[in-house]
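Dear colleague,

Please find the structure below, handed over for your records. My notes on it come after the display.

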Amino acid sequence: MKEPSIKVGVIADQTGPLSFVGIANANVAKMIIDELNARGGLLGRQIDLYLEDSATIDSVAEAKATKLVQHDNVDVIFGGIYSSTRQAIKGPAVVKGRKLYIYPEQYEGQECDPLIFCTGPVPAQQVDPLIPWLMQQTGAKKFYLPSADYIWPHTMNKKVRQVVTANGGAIVGEEYFPLDHADYSKTIEKIAASGAEVVFNTTVPPGVTPFLEQLYNSGFTKRGGHIVCTYFDENFLNMVPADYVEGLYSCLDYYQTVSDPFSQKLTGKYDTLYPGDAKFTAGSACSGLYRGLKLWEAAVKEAGSLKQDDVIKALDHAKIAEGPGGPAEMVPGQHHVRMNMYIAQASNGRFKIVKNLGVIDPKERNVHLAEVMRAAG
């Protein structure tokens, strides 16, 4: 009798303000599942991809997660970009559905659940190395924090404040706006009046494009100001004229200028399969999704079954020898990934790597210790 297929659910924002990101994620999922099936699947079983469009709306992501769990009965769920979307997926997938969920985006950290694994960078891998380096390189001390009003910017800004002040700097402004906010004139005036030397941006699409345009028009960078946006990658560079983000600093696990042979081969294959604007990038979670699918594959092979507890046990220490930006491995107990990190700077519409930070630990809490503490609480 033929073994039943393995069902992989992927939720991606293929329409709405994050569609340029979601389409890239959908492409990565298709590419990897097709590759696996061409090699005979996993454990001798075909893999079926259940790809859902969350439309950049959290309630839609929640409904799609419910469908994947209750109707499709998938074995694992991947996806989500905004942290609010992760929370929306988590309810039906993890809390109610008790399904393994792998979240691929760089984010604020602190997700700590036995059923959730995170495969993108966290503040210890972005803020911790980037800010001291930037302050040393530029001499900048005064930071302004314009932000979208949801969980990721609030948590990131706490970390930014901590690291900036520990290095002798100061936060001279911190403001929060709806995601689709478009008129930043008052904020731009405050940035100028505050003497801010660095704008650490956590506004997001659709609000980020008008913000960057208005900041550029104010002459902030012409006066020697620096822009930092840790999620900015080649997909985001395409959203705005190159002048608006010239000199912008970012810190991610992969850029297209990373020159190791595996990364180049991978993006070459992706570009051949999916030419166009939705590129294979890191801030858009493609690298995290690639890593997540490959670590899950390694865990299923080690477990020798799809029994969720066995897969989770294997995933806790799973490794891949090759990946975008370099090898990667789960830090046992943390459900987060140790990986290579890079600081890059926008130059003529491309990202140039200015510092290879090497392998950096996520330094997240131990999931099971947190569980024990919660139970004792």
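Predicted model: local features only at pLDDT ≥ 70, side-chain atom pairs only at ≥ 80, totals over all residues.

Residues are numbered from 1 along each chain as its sequence is written, and side-chain values use heavy atoms, with hydrogens and water left out.

An open sheet is built from five strands with parallel pairing, in the order β2-β1-β3-β4-β5. Its edge strands, β2 (47-53) and β5 (116-118), each pair on one side only. From one strand to the next, the twist averages 20°. Here strands (E, at least two residues) and helices (H or I, at least four) are DSSP runs numbered from the N terminus, and two strands pair if DSSP finds at least two bridges between them.

Within this sheet, β3 (residues 76-79) and β4 (residues 101-103) are joined in the parallel sense over two bridges; Phe78 has Ile102 in β4 as its bridge partner.

Helix α1 (residues 19-38) packs on the sheet and touches β1 (6-12) and β2, its direction making about 175° with that of β2. Helix α10 (residues 286-303) also packs there, touching β1, β3 and β4, at about 165° to the direction of β3. Contact means heavy atoms within 4.5 Å; axes are lines fitted to C-alpha atoms, for helices over the stretch in contact, and angles run from 0 to 180 degrees between N-to-C directions.

Elsewhere, β10 and β13 (residues 337-347) pair in the antiparallel sense over four bridges, and Cys251 has Ile343 in β13 as its bridge partner.

Yours sincerely
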